[in-house]
Amino acid sequence: MKTSKINVHYITRVEGHGDIVLNAVDGEIEELKWKVIEAPRFFEAMLRGRNYNDVPIIASRICGICSIAHTIASVKAVEAAFGINPTEQTLTLRKLLHNAEYLESHVLHTLFLAAPDYLGVSSVFPLVETHKDIVVMALRLKRLAYNMAEIIAGRKTHPLGCVVGGFSMTPDINALKDIKQRLEAARGDLEIIVKLFKTLEILSFERETEYIALKDSREYALVNGDIGSTDSQTLPVSSYLGVTNEFCVPWSTAKYTKHKRDSYMVGALSRFNLNHAQLLPQAKNAAVELGLIAPNYNPYMITVAQLVETIHVIEDSINIIKHLESTGLKEETPVVKVKAGRGVGAVEAPRGLLIHDYTFNDKGILTAANCIIPTNQNHNNIQKDMEALVPGILDQTEDEIRRKLEMLVRSYDPCISCSTHLLKISFTNKK
Amino acid sequence: MAKEMILVVDDEAIVRESIKDWLIQSGYQVLTAENGEEALEMIKKQDFRVMVLDIRLPGESGINVLAKAKTINPKLKSIIITAYPTEDTLIEAKKHGAIDYLIKPVIPEDLEKLIQDTVNSIDDGVATEKERIEKAPSPITKLYSITSSGVKSLIEGLIREREVIGVKSKQGKFIFDKLNSYDELILDYDITLLPPSKFLFPAKETLLKFNVESGPKFQVVNDAKPRALVGVHPDDINAIALLDDVFIKINPDPNYITRRQNTLIIGVNCLHPASESFAPSMGTNTADSGYDLLLTDIGIGFMAAVGTKTGAELLNKYANPREVTGEEIARQKEVRDEAVTKYQRSLNVPKERLLKLLQDNYENPFWEFRAKSCLSCGSCVMVCPTCFCFDVQDEMALNLIEGERYRNWDGCVLVDFAKVASGENFRHTKGSRFRHRILRKGKYILEKYGRAGCVGCGRCATACLAKIASPVEAFNAIAESERVKEEADRIIIEAESKHNIYLPHLALLVNVQDLGAKEKVFDFKFVDGRALGHKPGQFVEVSIPGIGESPISISSSPTRGEEFQLAVRNVGSVTNALHKLKEGQVVGIRGPFGKGFPIDQLKGKDILFIAGGIGLFPLRSLIQYVLDKRENFGRIIILLGARSPSERMFTSELEQWNRNPSVEYMETVEKGDEKWTGNVGVVTALIPKVRVDIKNTVAVIVGPPIMYRFVINELKKIGLADEHIVLSLERRMKCGVGKCGHCQINGVYVCQDGPVFTLEQLRGLREAVL
Amino acid sequence: MKPRVAFFDFASCEGCQLEALNLDAGELLDLIAAVDIVNFREAMSESSDTYDIAFIEGSVTRESDIARLEKIRQRAKILIALGACATIGGVNCLKNHMPMEEALKIVYGEDAKNYDTIPTKPIDEVVHVDYYVRGCPPPTSEMLKVVKAILLGKKPEIPNYPVCVECKWSGNVCAFERAMTCLGPVSRAGCGAICVTKGRNCWGCRGLVDEPNVDSEKEILQKHGITLEQALQKFQIYSTGGEKK
C-alpha cells in the first residue's frame, strides 16, 4: 500500500502564505488542495470613505512587488470615474514606469524564486558561490529597474510620482538617457540568461485552459487594452464582472474565479498565447530559442514566458526613451475636477490581469470599491492543474511529488497576500 | 524731557533758516552757523547732539569740519547735505563718521526722520559695552556704472570660469541653484527659500573619511571648487559676514574656509523686499563690505560697488564699467530709499535697545505662551542665514572597515538638541527652546561676535507653519530699547595653517584598569610622541571611528609625564566601545578643549576640594597638579563623597592622600556596609567639619547637578564669596570648538567658556540652574 | 560567529522585505559576509528555529498571529519591527475604524464566520521590540543602519525630529504652499522627506515623533482648509491615530 502524504506549510519562494496538501493511498487521492490561508486584509473596507487623493496611496499597499501596477490601475479607475484624460506624456511615462516593474518582477521571479529549483538549490544564496556572475547580473538588472522607477516616480516600492491626472514630478531627461544606456547593456545580460535557461530542463505537463489577458490593437498589451480571451470575443474592461464571477471556497481566504470553463489562467503565458504576434522582434526570437511556441498549455512554461517578456520590455523601454529624447519632457501639472461617478481601471500586472473598480460621490469620496487581483484568478487554475497532474505522478517518490507540486505553484509566480481581501461591496449607508 | 540741540551749518541763509524752522517746529533746539570755523567754535561751547553740515563751505571744508568736530565732541553725530554728491566726498564723509547724507533740495520729513533715528541711537551708557573687535582698514568701495548687457556678459563670463550659483525660480518661489545660462538668472526677487550661505556651509557635508582596517586612520575631505554666488541681498551678505567671524576668527573651520576662499560674492540690492522682512530695522538692508561686487538696478542701468580687487578685475574684464555721474548717484539713492519704504515689518524700538530688553525679560511668561503651538519642527532654524549649529555623526560602510564622519544642520529648537547620553535634556520645554533662539538672535550672538544675530530676512516667519517664529514680532512684543552700534569690519583673514580642528590625533592605549562596576581608567599616549599639553579641568574628544565621538575630562595632571589618563563611565555608544578596547589599540583624540581650573587664581590660596561620585575624575587632575607643586599653595583640604564603599574609586590613591601629612582629607559614603568604619552621610555634611579662612580659600567642586545646589548652600552659609567657588559643568558637547551649538548655556559655550566656571560667572546664566 | 538573521512576515504587502533585498552586488556580498540569513521564506526554502536577530514585517491581525509572534520573540535575542505595519500598524489599521463584524460581513458575506480576525495591532502591543525600522517602505539605508549598529555595538542614530527638517535640508517648497496638507510637522524624519521632494505631501508612515504637537498640527491643517474630521482621517491612514511610537 503506497501512501503519499505531503503537507507543504507556507510554501517558500512565493509572495504570501499558501499550503499544499496531498493525501493519497494506493493510487486513490483522498485530499488534494491548494490552500490559501493568508490573513484577510480588508482593503475595500479600508478604501471606503477616503478622499480620491488617498485612494491610490492605500491601494498601492495591496502589494509590495506590484505596487506600480496597483497604483496605475488605481489612478486609471479614478480618472475613469471623473472623466479625466491624461496627456500623451503621462501615458508614455506610465508605460515606462510599468516596464520598470516588469523588469524587476520578472528578474526576481525567474532568477531568485524559480531558477533555484532547476539548479538544484533551495535559494539564491548558494548561487553566490556557484553562479556568482548570474547573481551579480540579476542584482544589476534589479538595480536598473529600481533606478528607472526612481527617476520616473521617485521610488519603486509604493511610487510617489504617479498621481490622478498625471505626474507630481518630471523626470530628468539626462537621467533617462543614462538608463537607456544601461538598458542597452542589459541586452547582453539577457542573452546570457537565455543561454542559461536553455540548459535547464523545464518540467513538462499540459492542461489546456482558458487564457485571459488584456488585448490592445496597437501593441503587446501591458498598460492599456480590453479583456481578451482564447474562449470568447474581446470585452470592454467595464464588463469584467461577467468574466471573473468570483466565488468563495471554505479552504481558502482568497476567492476563486471562472469564465467559460472550470477555471482560467492569467499572467505571462496567457499574454503570450493571446498576443505573441505583437512582441518586439528580439523577444520573438528569444521565444523561439527557448522553445516557446503559441499556443502553449504548460504552466511550467510561465517562467519562460516571463523571460521573453523581460526582453520585450527592455526593448520597449529603449524605444520609449528614444521617443522622449526627441519630444523632450515638459513640466505638466495634473488638473483634477471631481465629480460623482464610477470607473474601472485595468492593467496587466506582471502576474496577470488586474482590475480596480471605484465609485465616488460628488465630493470625491470613495463609496464603493472592488478589485480583482491576478493571483485570485489563478488559484482555481492551480487547483485544477494539480488535480490533473498528481494522478500521473503518484508512483514517484514523495520528495519528487512535492518538488513538482511546489514548482507548479511557483511557476505561477503567485502574489498571495494581495489576493485575499477584495469583494464587491454594497454601500450600506452606515456612516 | 530736555529738547535736543541741533547745529545746522550751511553758507546759504535760506537753507539754514528753512531747516532751522522746520526742526524747531518738530520740537528741537536749533542753532546755526554759516561757515566751518564758526561751527567749530560753537561745538566747543555747546553740547550738540546732531550736526547737519553742508559739504561745500567757504574756508574750512565740510570734511575738515567733520574731522575736527569729532575730536572736540566724539559723541556728536553728523548728517551731510550736499547738492553735488560725488563718490569721493561720500567715502570721505563716511570715513569720518557721518551717519548719512542727503541730497539737496532736502525734503524736510526725510531730514527729520533721520535726525529722530540718530537721536534715538545715541549711546547713553546703559547698554553693556562690549570690547570692540579691532577695526581693519576701511574696505574698498568704489562705484561704477554698467549697463544691463554689461551685467549679462559679466554673468556669462563667470559661468565660463567657475560654477555659478544664482537665483532661479522653483514652483513659484525662488532658490539659489546652479546657473546653466544667464537667462535662468533672476535679479529682482524678494526672498529665496534657503539662504545662499548653504553653499558655504551645506546641509550635509563630509568632514573626514576613515579606515579602521589596521587601526584607525583619518583623512580630511574638502571642497575647493571655485564658485560664484550671484544675486545675494545685503541681509544675506551681512549674514555671511557673521559666519565668517564664527568659522574663521577663532578655531578656524577648514571646510568653511576652503569654500569661502573659493567663492565670489556678487550681491544685488533688494528693491522688492519680502513681506516678512525687517532688514532695515536690523541695519542689514545695506552692506558696505562683504562682497566682491554689489549691484543696484537703477532703471537706467546698474551701479556696481566694488568690494575687492577680484571684483574690480571682473568688472574690468567683462562689464565695461565707467565712472559714475552725479545723476546716477542721486538715482541710486532714490531707488534705495524707495525700497526702504516697501518693508512691511519693522522693530518698534531701536535695535540697540534689544540687548537690555531681552536681558530684562528672561522670565517673561511670553516665551511659554508664544511657544505653545511650536511644533519643534526646525523650519525656522533650517532656513536661517545666521544659524550655524550642526550635529556630527559617524557612518560605517557595511564592510565595517571604512566610513565617514559627516556633519549636518542642527537646531536649538529641536527637542533633543541639548540632551546628553545619560538621558537628561537641558532645554526640554518648548518655551525654553523658543526663548533661547530669540535670545541668540537678539543678544548672545551680538555679545559674542559684535554682530547682529538676525539680519531680518524674514525667512523663518515665512517658513513657520504655526506663525510664531518671527523675531521682530518677538522683539516688539517685549519692547524696550537701547542702541548699540556695531561696525561691520570684515576681511577674510588668511587662516593660519594649523592642524585641522576636526581631524583627530591617533593615541595608543597603554593601560586599562577597572575602577568600578561601570568605570575604567585608560592610559593614553599620542602615537607621534607629542604631549597632550593640557591644563587640569580641560577635556578631550575621544573618537572611535564608526561609532562617534565623546567628550571626556582628563583625569591626570600634565605634570605626570607624556601619558594622560581618562577615567570613563560606560553610559553610551562611544563609552561602551571604549570599554571594549584592549591595550595596544588606537583611538582618535582631539583637544584639549575648554577652560581649565584657574591655577593662577589658586596660587597661594587654601583650596577646598569637594568631589561627589565620578566628579572625582576631572578633579583628580587638579589635585595631582597641586600636590606636585605643593609649595605654591596653602592648605589642601579634600572632601570626597561616594554612594557606597564599593563605589569608591582610585582607592589606593585616596589612601595616599589620606596619609599625606600636608593634606587634610575627609571622606564619606551615603550608605555604609558591615566593614565601613568611616563617615556616613552626604559630602555636604563634611563641610561644617572644616574650619576655613574664607578670605583665603577657594572651593573647587565637581559632582552631579543635585550636589551643587546643596554644597553651594553650605559654602554660602560659611561666607565664601561667589568668585571663590569654582565648579565644572556638564553639557552635551560635540565639536568641542564652539561651533556646533549643543553645549550652550544661554549665551556661552561650555566647551569654550567652560566647563570650569566660577559661581559669579554662573549667576548671570539662568539656564545653569543651580 | 556570525549573527543568524531571520525574516518573518505577518499581515503585510511584503514590500519591506523586498526593499531589504534591494542592495547592489557589493552590498549584498558585504551583508552575507557579516551575517547568516537563515530564514527568509520569500527567497529561500531552508528555515531554522535558531536565530539571533529576527526581522518582523507586517502587523498582527489574527488570534493565531499572537502565539506565532511570541514564539519568535522567545527564540530571538533581538527583535526588530520592520516597516509601518509592524511598527505602528500600517494601512492594516484602517479596518480598525469600523466594527470588526461589519468589515467581515462586507468582505466575506455569510462566510464571514470562517475567518479569524481581530483589530490590527503593531507588534509591540504583543511582544517587546528592540529596534524599529520605520516607513512604508523604510529606506534600505535605515535597515542597514540598524544591522550595522548591532554589529558595532552602538545605538543606531534614528532622528527624533520632524520631516520638516529634512524637507528644508533638501530645499523643498513646503507642501502647504502647494495647496496640500501634510503630516510632516509631527512625523518622524529619516526618510529624507522623499514624498514631499517628489511633489506629494507626507502621510506620516514613519509614525509620530516622541513629543508631537498634535494640537498645533490639527490647527494648521484646519487653517489650510480641511475640517477636524478630515484632519483626524489623515492621521489614521497608517496608525490608530495620534499616539507616539
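Predicted model: local features only at pLDDT ≥ 70, side-chain atom pairs only at ≥ 80, totals over all residues.
## Loops, rings and an interface

User: Is Lys467(B) buried, partly exposed or exposed?
Analyst: The relative accessible area of Lys467(B) is 45%. Buried would need under 20% and exposed over 50%. With 45%, Lys467(B) therefore counts as partly exposed.

User: And Asn320(B), is that one buried or exposed?
Analyst: Asn320(B) is another non-glycine with a positive phi, about 55°. You'll find Asn320(B) in the loop between helix H10 (309-319) and strand S15 (322-323) of chain B. The cut-off for exposed is over 50%, and the relative accessibility of Asn320(B) is 66%, so Asn320(B) is exposed.

User: What is omega for the cis peptide bond from Ala294(A) to Pro295(A)?
Analyst: Pro295(A) sits in the loop between helix H10 (281-289) and helix H11 (302-327) of chain A. The bond from Ala294(A) to Pro295(A) is cis, and its omega is near -5°.

User: Where in chain B is Pro755(B)?
Analyst: Gly754(B) and Pro755(B) are joined by a cis peptide bond, with omega about 0°. Pro755(B) belongs to the loop between helix H23 (750-753) and strand S32 (756-758).

User: Over all chains there are 26 aromatic pairs. What kind of pair do Trp367(B) and Phe434(B) make?
Analyst: Their ring centres are 6.2 Å apart, inside the 6.5 Å limit for a pair. Stacked needs planes under 30 degrees apart and edge-to-face needs over 60. The planes of Trp367(B) and Phe434(B) are at 55°, so the pair is tilted.

User: How many residues apart in sequence are the parts that this pair ties together?
Analyst: Both partners count as buried, Trp367(B) at 2% relative accessibility and Phe434(B) at 5%. Trp367(B) is in helix H13 (residues 366-370) of chain B, while Phe434(B) is in helix H15 (residues 430-449), so the parts tied together are apart in sequence by 67 residues.

User: What is the angle between the planes of Phe522(B) and Phe524(B)?
Analyst: Phe522(B) and Phe524(B) are both buried. Their centres are 6.3 Å apart and the pair is stacked, with the planes at 20°.

User: Which residue lies over the face of Phe650(B)?
Analyst: Look for an arginine at 3.9 Å from the ring centre of Phe650(B). The residue over that face is Arg620(B).

User: About how much area do chain C and chain A bury between them?
Analyst: Two pairs of chains touch, and the most contacts are between chains A and C. In that interface, 55 residues of chain C are in contact with 67 residues of chain A. Carbon and sulfur atoms carry 59% of the buried area, which is about 5500 Å².

User: Which side chains meet in a salt bridge between chain C and chain A?
Analyst: Eight residue pairs are in polar contact across this interface, and the salt bridge count is one. The N to O distance is 3.8 Å, and the partners are Glu27(C) and Arg143(A).

User: Which element gives the largest share of the side of chain C that touches chain A?
Analyst: Elements giving two or more residues include helix H1 (15-20), helix H2 (25-34) and helix H5 (100-108) of chain C. The largest share is six residues, and they come from H5(C).

How values were computed:
Residues numbered from 1 in each chain as written. Chains lettered and ligands numbered in written order. Heavy atoms only, no water. Phe/Tyr/Trp six-rings, centres within 6.5 Å; stacked < 30°, edge-to-face > 60°. Helix = DSSP H or I, 4+ residues; strand = E, 2+ residues; numbered from the N terminus. Buried < 20%, exposed > 50% of the residue type's maximum accessible area, 1.4 Å probe, protein only. Lys NZ or Arg CZ within 6 Å of the ring centre and 35° of its normal. Contact = heavy atoms within 4.5 Å. Buried area = accessible area lost by both parts, 1.4 Å probe. Salt bridge = Lys/Arg side-chain N within 4 Å of Asp/Glu carboxyl O. Polar contact = N/O pair within 3.5 Å; in protein donor to acceptor, adjacent residues only side chain to side chain.
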